[in-house]
Amino acid sequence: MSDAEGRPAYLAHHFSEAEQQRESAKLGMWIFLLTEVLLFGGLFCAYAIFRSWNPDMFYNAHKFLDVKLGALNTIVLISSSVTMALAIHNIQLGKRKISIGFLVTTLVFAAVFLTIKYFEYSHKFHVGQLPGKYYTFTGIQGDNPHIFFSVYFAMTGLHGLHVIAGMIAISWVLVKTIRNRFSPEYYTPMEMTGLYWHLVDLIWIFLFPLLYLIG
Amino acid sequence: MTTKSNAHAGHIVPLWVYLTVGGGLFILTGITVAVSFIPLGGWNVVVALGIATLKATLVALFFMHLLYDKKIFLVVFLLAILFVGIFIIFTMFDTMRRDDIYEGAGRPIKPNAAMYDRMQTAGDSTAVTHGEAHESTADTVGNEENTEH
Amino acid sequence: MSATEYVSYLQQPKGIKSWLLTLDHKRIGIMYLAGIMTFFIIGGILALIIRLELLHPGKDLVDANTYNQIFTLHGAIMIFLFIIPSIPAALGNFVLPQMIGAKDVAFPRLNLASWYIYIFGSLFAIYSILAGAVDTGWTFYTPYSTSTTTSVISMTLGVFILGFSSIFTGLNFIVTIHKLRLPGMTWYDMPLMVWALYATAIIQVLATPVLGITLILLILERAFGIGIFDPAMGGDPVLYQHFFWFYSHPAVYIMILPGMGIISELIATFSHKKIFGYKAIAFSSLAIAFISFLVWGHHMFTSGQSEFAAGIFSFLTFLVGIPSGIKVFNWLATMYKGRISLETPMLYALSFLFLFTIGGLTGIFLGALAVDVHLHDTYFIVAHFHYVMMGGTVMAFLGGIHFWWPKMFGRMYSEKWGRISVALIFIGFNVTFFTQFILGAKGMPRRYYNYLDQYQPLHAFSSVGSWILGLGFLIMFIYLIHSLFRGRKASGNPWGSLTLEWSTPSPSPIENFVTPPEMTHGPYDYDKVLVERE
């Protein structure tokens, strides 16, 4: 897997050592995660402001979210983080086939998450709990309950898009693993995808109590 | 040939750490759900965010490897959180203090959007005002809508 | 010493495809330069049309609605398609790896992707002109931007896409500077241009995502009426302004910081002297980056935000002027007792010192809450930001272009025409914009199509200035392009500068260096090393 100078095939020409390349990838991915935190941060800001202006409406509106489904989704996503970590753990140990198994499991958990969200969303569409001007549900006390649902759909929608993007990245990594491109010596793309996936889990860890568990 | 720089010098987190952290996260999820049913007033959100932060810390330190890595990555992560914090706090310096000039400055002229006049509203929808800490009544309407179809 | 036989990055590989698929940061920089200069010209023509329209009150050329569209496009194009990418993407890409002795940036493929995203986003924004050009002002304030029938969505989508280009460039630069320095080169051995690009990159990655979410929310508001910025729906239009300015204030430091980096290089080289206060300048770049995130509300003093917030923002705004002031004093101290030579790049640097100081000082005036209440949305603001953005960043950018031109293209331009052009630009700029300070202080509002007769003489004077300015730029483009074909061939180090990129032949070798680079001296060791112009 090395070229004439003993440089491994995966080492790009402008890096002098594999470690330098690996640490660079990691730093790059962490900076990217920083940008994602800032992106969602805007929505958390909107949430904080509208909740502070309408505390009772938020309480009343949130009761229409199914805590059981939300908690289930939380467990599902945490599990997917565990399986993602285990996929990387196994490739570190050279156990490619087990790693593949865990990558697939991660994808399954992600799909379950999206399925549950689909049911939640379609129920809301059905009863008219929609964002902004499309809101038609009566039955929540307080002014402007559509605001809660605007915030809910914006936050969970953006998060859902990131889940889909993560699934695409994990699928790509899965294909590469099946094609034996990774080894204990080089598995950086899997590790970086793992970091991204954990962030997706992290964001949900905050979304869940803020949206579903308003006390 | 595998030179010293090519052999992966990375730390391999033991399996039991992942499983323990995963288990801990499940337990914390259960706790946060349970506590949300106990009425603590303003403290509910503090506890919920506190538990969420603890969960997030576990994910960051162990799953994302920050405990074992060089400090720079932790600095990057903390910087992100710091700047989101600045954004929220400074914006709320504005939004929470609109009323300072005179009473009612921060309030909308018409509390409920016009589209609600076209809908049949159930119950009294004009009594809620900003900032009034009011006991939440458990018996709000619409509970039959609460389960999945 | 460099070999006489070497392959330059312009020579190999050959063909259009080799450029469009290049991973070479130098070629990517040149491709960015082409795009940036094109949009500068488009934005500039729009500016000339604005000034022509304002020669007299009432209609001269265009009607009122068209006028709104023209100044919106002028602002959006100049800010998002020209000035924000300009120095980092065009000059930074070219010069940064060389300055730290690296072969390329950390992620060359991401770099190429950034360029494509830039082009795609820019075309999207330009398309929006044809689809019913936006007339909201470049700031897209709600509620007008959510209700106007013009093409807000396509313009904001274009800007959203451009944001990714900015983020990826910043990300790339941060990792490059952390990881790809020459072994043995510490942070304090780096040229100040690198510190400047680093501080800029930090702002780019922290601030731009918030612009992203702002634009997403604006699009959702327009398309789905989610209502968060609409008071009739329980939302808040001032909230939009908080979101917008959280990015856009730090964005102005994305514009100026790399310019300040160039000025450090120019002043040291053309004073032939060690930079005064290296660490102060380096850390002031980081300080500016940090403080820039704390002051955005000074754009909103008249918006209806709380007095509490306004007071805090005003106070913090005074802080942000301090590190900039430190830099100006350090540059002056560098020049003191230096062996100064007044070639075109140095003339741009001197113009910068004069014009940026005026721009920066007027910014401090505006930071005072009570003063700003009177001057907000007048021509005083227009003059202030043109002094810092054009008198500051554009002067530095052009100084950098003229400085690194030999390294980029292996040619020297006509020094005579360079000096004529700077003179015209400097004079034209001041005639155009100093007048606007006066106009604004006398009460002329900005973004106004029509005005009272009493303002007409000053407006006319300002418009004449714009023609002088335009002439200066026209001459500059002519001699620069001419030099590509007929310019005297450049030596490796025509300015006698000590940073690493000058230790190679011109134009740059394809691998950046002919022999592996070594750090034998610091970047400003003019007192220790004898360096002659080749």
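Author: Let us begin with handedness, bearing in mind that this is a predicted model. Helices H3(C) and H4(C) cross in a left-handed manner.

Reader: Which residues of H3(C) and H4(C) make the contact?

Author: H3(C) contributes Leu73(C), Ile77(C), Leu81(C), Pro85(C) and Asn93(C). From H4(C) come Asn111(C), Tyr118(C), Ser122(C), Ala125(C), Ile126(C) and Ile129(C). Sorted by class, this contact of H3(C) with H4(C) comprises 8 nonpolar and 3 polar residues, with no charged residues.

Reader: By what quantities are two packed helices described?

Author: The description rests on the angle between the two axes and the distance between them. For H3(C), residues 64-99, and H4(C), residues 108-130, the angle is about 165° and the axes lie 11 Å apart. H3(C) is therefore roughly antiparallel to H4(C), because angles over 145 degrees are classed in that way.

Reader: At what angle do H3(C) and H8(C) pack?

Author: H3(C) and H8(C), the latter spanning residues 237-270 of chain C, pack at about 40°, with 10 Å between their axes. That angle makes H3(C) oblique to H8(C). The crossing of H3(C) past H8(C) is left-handed.

Reader: Which residues form the contact of H3(C) with H8(C)?

Author: On H3(C) they include Ile79(C), Phe80(C), Ile83(C) and Met99(C). On H8(C), Tyr247(C), Ala251(C), Gly259(C) and Glu265(C) are among them. The class division for this contact of H3(C) with H8(C) is 14 nonpolar, 1 polar and 1 charged.

Note on methods
Residues numbered from 1 in each chain as written. Chains lettered and ligands numbered in written order. Predicted model: local features only at pLDDT ≥ 70, side-chain atom pairs only at ≥ 80, totals over all residues. Heavy atoms only, no water. Axes fitted to C-alpha atoms, helices over the stretch in contact; angles between N-to-C directions. Helix = DSSP H or I, 4+ residues; strand = E, 2+ residues; numbered from the N terminus. Parallel < 35°, antiparallel > 145°, perpendicular 65-115°, else oblique. Left-handed = near helix turned anticlockwise from the far one by under 90°. Contact = heavy atoms within 4.5 Å. Nonpolar A, V, L, I, M, F, W, Y, C, P; charged D, E, K, R; others polar.
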